[in-house]
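Trainee: I am new to this structure. Please take one part of it and go through that part closely.

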Amino acid sequence: MRIIRGKYGRRRFDVPRNITARPTTDFARENIFNVLENIEDFDGKNALDLFAGTGAMALEFVSRGCSSVVAVEKAHTQAGFIRSVKDKLNAECLKVVKGDVFKFLETCHEKFDMIFADPPYDHPRFAEIPSLILASDMLKPGTLVVVEHSKSYDFSGLPGFFDHRVYGSVNFSIFKIGMSEAEQNTDSELKD
């Protein structure tokens, strides 16, 4: 796994062979971060990576200047790998939470500037995950929420839907919380 850009850009880490995560491809990760950087400045922001897997997204947030990043991962191997990379980088701003994302969504009251979720595509509760995030206490006006998913899902009807991007077989639905109708229209014009 490699970190694409930022202060740790081009650093590579060997992922354990027994890892069960499906990491986001470098191509998709690079492109979605290009989109997000055009929407939001990462410096000093706090980010959340749900279903963190290898931690690639969390590490990208750290590398690009977020001051606080939380990675939530249930699997022992993946959480351990993220911690080992955190230690190698001496990335004190990264907090690894080994736990269930659904319990985390119910109990977390910290507000985030950016939330990324990449649930396993075959997760039995996949379809409800975006709604659970959007209904959580973790949002504030301006929060960006990105959900990675397969082409089988369409989340454009959910509140705050902002954009949909496709990179190969990877789909991203982007939500921007608390936008006025005028801001949505302005943002739509910028995307065209």
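Mentor: A salt bridge here means a side-chain nitrogen of Lys or Arg within 4 Å of a carboxyl oxygen of Asp or Glu. The model is a predicted one, and by this rule the count comes to 11 salt bridges. One of them joins the side chains of glutamate 128 and arginine 125, at 2.9 Å from N to O. Glutamate 128 is partly exposed because its relative accessible area, 33%, lies between the 20% and 50% cut-offs. Arginine 125 is also partly exposed, at 34%. Elsewhere, salt bridges with shared partners link Arg2, Arg5, Asp26, Arg29, Glu37, Glu60 and Arg64 into one network.

Aspartate 26 is partly exposed, with a relative accessible area of 29%, whereas arginine 29 is buried, at 2%. Arginine 64 and glutamate 60 form another salt bridge, at 3.0 Å from N to O, and both residues are buried.

Now the strands. Helix α2 (residues 56-63) lies between β1 and β2 in a right-handed β-α-β unit. Strand β1 (residues 46-50) and β2 run parallel, joined by 5 bridges, with alanine 47 opposite valine 69 of β2. Strand β2 (residues 68-73) is mostly covered, 5 of its 6 residues being buried. On to β3 (residues 94-98): β2 is joined to this strand by 5 bridges, again in parallel, and glutamate 73 has lysine 98 as its bridge partner there.

Technical notes:
Residues numbered from 1 in each chain as written. Predicted model: local features only at pLDDT ≥ 70, side-chain atom pairs only at ≥ 80, totals over all residues. Heavy atoms only, no water. Buried < 20%, exposed > 50% of the residue type's maximum accessible area, 1.4 Å probe, protein only. Helix = DSSP H or I, 4+ residues; strand = E, 2+ residues; numbered from the N terminus. Pairing = 2+ DSSP bridges. Right-handed = clockwise from strand over helix to strand, strands pointing away.
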